[in-house]
Amino acid sequence: MNVQTIDYRSATAGGQLVQSLRDTGFAVLSHHPLPDDLLQRLYRQWSAFFRSEDKHRYLMRPTRHSDNTVGFVPADVSETAVGHPLRDLKEFYHVFPEELLPPALAPDTLDYLDRAFALGVEMLDWLQANAPTAVLAALPDRLSSLLSKEVSLLRVLHYPPLVGPDTSVAVRAAAHEDINLLTLLPVAEQPGLQVRDRRGRWLDVNGNRGELIINAGDMLCEATDGYFPSTTHRVVNPSAAADNVSRYAIPYFMAPRLDTVLSDRYTAGSYLSERLQALNRQ
Ligand SMILES: O=C(O)CCC(=O)C(=O)O
Ligand SMILES: [Fe+2]
C-alpha cells in the first residue's frame with residue numbers, strides 16, 4: 001500500500017486525492033495553504049498549556065452542539081479504542097468554535113480552525129468533482145454543504161513521554177478508525193502514526209514536515225457505501241529511549257450536521273452517539 005503524496009497545486013490533484021483515498025483511505029498533501037508558522041505557534045502555545053496546572057480549570061464538559069465534550073481531557077479519563085483493553089496514553093483538548101478555550105490560545109487556534117475548515121471544504125469539493133456521480137447521488141446535498149463547523153472537532157493531542165510499567169500493552173493511540181467525514185492532520189514532529197493495509201500489515205505514514213495528512217472517516221465510508229474506505233490507524237510508542245519525548249498532533253475532524261442522513265441505517269447524529277459511547281465506555 002502506498003499512501004500518495006499529492007501536490008496541492010497540481011491540476012490533477014482532485015483526481016489523485018480520490019484515487020489515494022480509494023486505495024488506502026489516506027493521502028498526504030504537500031504545498032497546501034495552511035501556514036507552517038501558524039502551526040508552529042500552536043505547538044508552542046499548546047505544549048505550554050499541557051505543562052501548566054491551569055489546564056485543570058478547563059476540564060471537559062458537554063458541548064452545545066453534539067454529544068461530544070469540549071475542553072481538557074486528562075490521561076486518566078482518556079479514550080479506550082474499541083477492542084482494546086487499556087486507555088490510550090494521551091491527554092487532549094477538544095476545541096469547538098465559540099466554546100470553552102483559554103483566552104491566550106484563542107486567536108491562533110481559531111485562526112487555524114477557520115483555515116482548516118476552508119481547506120476541508122475545498123477537499124470535499126475535490127471529492128465531489130472527481131468521484132463517480134452514482135457514489136454521491138444518495139447524499140442529501142453536496143459533501144461540502146453537509147459540513148457543520150459547530151460539530152467538527154479540532155483536537156489538540158499531547159502524548160507524554162512514557163513512564164510506568166504497563167506501557168508495553170497501552171499505546172499512544174490504539175488501532176481505530178476516525179468517526180467523521182474527513183480528517184486533516186498536519187504531519188507531526190515526532191513519528192508514530194501507522195496505517196493498516198489490506199493484508200493487515202502496519203505501515204508508517206511517511207509525510208514530511210509541513211505536509212498534511214488527509215484521511216477518510218467512517219461517516220464518509222457509510223455515506224458512500226464503502227467507496228471511500230476509512231482505514232484503521234494507530235500511534236505506536238517510541239521504540240528508542242532517545243525518541244521518548246512528548247508528541248503533539250492536531251487533527252481536525254470534519255463532520256456533517258447531525259440531521260444528515262448518511263444511509264438507511266444512520267443519521268450523522270445517531271452514528272456519532274453510538275461511537276462516542278463505545279469510546280468512553282470505561
Ligand atoms: O496523533 C496522531 O498522529 C493521530 C491521532 C488520531 O488518529 C486520532 O486522534 O484520531
Ligand atoms: Fe485517528
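Reply: On a 1 Å grid over the protein atoms alone, a cavity is a set of points where a 1.4 Å probe fits but cannot get out, and lining residues are those with an atom within 4 Å of a point. Rolling a probe the size of a water molecule over the atoms shows where empty space is left. The model here is predicted, so local features need pLDDT of at least 70 and side-chain atom pairs count only at pLDDT 80 or more, while totals for chains, interfaces and linings use all residues. Residues are numbered from 1 along each chain as its sequence is written, ligands are numbered from 1 in the order in which they are written, and side-chain values use heavy atoms, with hydrogens and water left out.

Me: How many cavities of 30 Å³ or more are counted, and which residues line the largest cavity?

Reply: A volume is the space filled by probe spheres set on the grid points, which are joined across faces, edges and corners. The count gives one cavity of 30 Å³ or more, and the largest cavity has a volume of about 50 Å³. Its lining is made up of His32, Leu34, Pro35, Asp36, Leu39, Tyr112, Pro186, Gly210, Glu211 and Leu212.

Me: Which residues surround ligand 1?

Reply: A residue is counted as near a molecule if one of its heavy atoms lies within 4 Å of it. Around ligand 1 stand Arg155, Leu157, Tyr159, His176, Asp178, Leu185, His233, Val235, Arg247, Ala249 and Phe253. Strands are DSSP runs of at least two residues, marked E and numbered from the N terminus, and strand E6 (147-159) is one of those that supply at least two residues of this shell; E6 gives the most, with three residues.

Me: Which polar side-chain atoms lie by an oxygen atom of ligand 1?

Reply: A polar contact is a pair of N or O atoms within 3.5 Å; within protein, one must be able to donate a hydrogen and the other to accept it, and residues adjacent in sequence count only if both atoms are side-chain atoms. A polar side-chain atom lies 3.1 Å from a ligand 1 oxygen in the case of Arg155, 2.6 Å in that of Tyr159 and 2.8 Å in that of Arg247.

Me: Is Ser152 buried or exposed?

Reply: Buried means under 20% relative accessible area, exposed over 50%, and partly exposed in between, with a 1.4 Å probe and protein chains only. Ser152, placed in strand E6, is buried because its relative accessible area is 0%. The side chain of Ser152 reaches the backbone oxygen of Ser148 at 2.7 Å, and a polar atom of that side chain lies 2.9 Å from the backbone nitrogen of Ala255.

Key
On a 1 Å grid over the protein atoms alone, a cavity is a set of points where a 1.4 Å probe fits but cannot get out, and a pocket is an open set with protein on both sides within 12 Å along at least five of seven lines; lining residues have an atom within 4 Å of a point. Helices (H or I, at least four residues) and strands (E, at least two) are DSSP runs, numbered from the N terminus.
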